[in-house]
Amino acid sequence: MSIWWSLHLRREAASVPLARRLLLGTMETAGVDPDVSYDLSVALSEACANAVEHGGSAGHGGSSEAYRVTAYLDGEMCRIEVADSGPGFARVQAVRPAPGEAEHGRGLCLIEELADHVHIGSEPSCGGAVVSFDKMLKWREDAPLMAV
């Protein structure tokens with residue numbers, strides 16, 4: 001079983017719960033374990049929030065008003081990618097946790113905790129940041145689309 005979808009969303013706060021609800025609905029329909037679905041939805045929310053906050057720059061030739069979310073459920077794996085047209089990462093380095101009292105700066109660390117594999121980089125062709133992560137899926141016993 002494979003499911004794939006891609007969204008082009010405005011860089012507005014209201015787009016974050018939209019992407020999260022679509023992911024949760026897809027996973028519930030497929031029969032993915034609710035705990036795995038929740039972890040991935042939180043990670044997606046953090047990646048989208050980063051794209052909304054940091055993902056725009058008119059200097060890269062693309063639309064700074066949008067970002068892209070792509071999700072793949074393929075067999076036993078879910079892979080999610082969030083790409084924007086912002087400044088990207090000048091140099092990818094280890095993600096450091098923010099101080100406990102900080103109001104911002106915990107999103108990438110949270111994504112790394114919730115996913116099995118995380119890649120954080122820049123889009124080579126047109127600039128912008130790309131955050132992709134994947135996680136092994138667990139299935140409910142009554143999963144209608146469970147991978148065989």
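Start by selecting Leu40: leaving out residues up to four places away in sequence, Leu40 touches Leu23, Met27, Cys78, Ile80, Phe133, Lys135 and Leu137, where contact means heavy atoms within 4.5 Å. Before moving on, note that this is a predicted model, in which local features need pLDDT of at least 70 and side-chain atom pairs count only at pLDDT 80 or more, while totals for chains, interfaces and linings use all residues. Residues are numbered from 1 along each chain as its sequence is written, and side-chain values use heavy atoms, with hydrogens and water left out.

Next, bring up the largest nonpolar core. This core has 34 residues, and Leu40, Leu44, Tyr67, Ile80, Val82, Phe133 and Leu137 touch the most other members. Such a core is a set of buried Ala, Val, Leu, Ile, Met, Phe, Trp, Tyr and Cys residues joined through side-chain atoms within 4.5 Å; buried means under 20% relative accessible area, exposed over 50%, and partly exposed in between (1.4 Å probe, protein chains only). H2 gives the largest share of the core, nine residues.

Stay on helix H2 (residues 34-54) and pick Ala47; helices are DSSP runs (H or I) of at least four residues and strands (E) of at least two, numbered from the N terminus. With a relative accessible area of 4%, Ala47 is buried. Beyond its neighbours within four places in sequence, Ala47 contacts Val82, Ile111, Val131 and Phe133.

Finally, show Trp4, which counts as exposed at 54% relative accessibility, and Tyr72, which is partly exposed at 36%.
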